Amino acid sequence: DKARITAEKQHQAARSKLDEVEKARTKAKKDHKADQSKLTVMEKAKAQAEEYLDKVSKARQKQNEQLSTLQKEKDKVSKSLADMQRNNTELAKKTQELKKKAQTLGD
């Protein structure tokens, strides 16, 4: 009879241990599922961030190209202005020379 009581106690202890293991297993499954959900959300956020960075990078590249074009235009205008100023100086000198010649001829 003692053996039967001991066997029942061992059986109850084993059953209790099995219940604990099952609860732990269920909890682990839930935790894993939650982790998977978090991972999915994080992966989506990462993809969106990468997409945004790509757009920003392309926009910056476009701005740099526009800036380069504007700089080239500015250089052309500056050169053209310098040419005009040089021509203006030359015209002023020739005008002075012509005035002197006209004055000389008038005398």
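**Exercise 1.** Determine how far apart Asp83 and Arg86 lie in helix H1, and state how their side chains pair.

*Solution.* Step 1: Asp83 and Arg86 are three residues apart in helix H1, so about one helical turn separates them. Helices here are DSSP runs of H or I with at least four residues, strands are runs of E with at least two, and both are numbered from the N terminus.

Step 1: The two side chains form a salt bridge, with the closest N and O atoms 2.3 Å apart. The term requires a side-chain nitrogen of Lys or Arg within 4 Å of a carboxyl oxygen of Asp or Glu. Side chains of opposite charge can pair when their charged atoms come close.

Step 2: Asp83 counts as partly exposed because its relative accessibility is 26%. Arg86 is also partly exposed, at 48%. Buried means under 20% relative accessible area, exposed means over 50%, and partly exposed lies in between (1.4 Å probe, protein chains only).

The model is predicted: local features need pLDDT of at least 70, side-chain atom pairs count only at pLDDT 80 or more, and totals for chains, interfaces and linings use all residues. Residues are numbered from 1 along each chain as its sequence is written, and side-chain values use heavy atoms, without hydrogens and water.

**Exercise 2.** Give the count of salt bridges and name the residues linked in a network.

*Solution.* Step 1: The count comes to 10 salt bridges.

Step 1: Asp1, Arg4 and Glu8 are linked in a network of such bridges.

**Exercise 3.** Characterise the overall form of the protein chain from its secondary structure, its radius of gyration and its extents.

*Solution.* Step 1: The protein chain has one helix and zero strands. Helix H1 covers residues 2–106, and Leu39 is found in it.

Step 1: The radius of gyration is 45 Å, while a compact globule of 107 residues would have one near 13 Å. The radius is taken over C-alpha atoms, and the globule rule is 2.2 Å times the number of residues to the power 0.38.

Step 2: The C-alpha trace spans about 155 × 15 × 10 Å along its principal axes. Within it, the C-alpha atoms of Leu39 and Glu73, 34 residues apart along the chain, are separated by 51 Å.

**Exercise 4.** State what share of the residues of the protein chain counts as buried, and classify Leu39.

*Solution.* Step 1: Of the 107 residues, 0% count as buried.

Step 1: Leu39 has 40% relative accessibility, so this residue counts as partly exposed.
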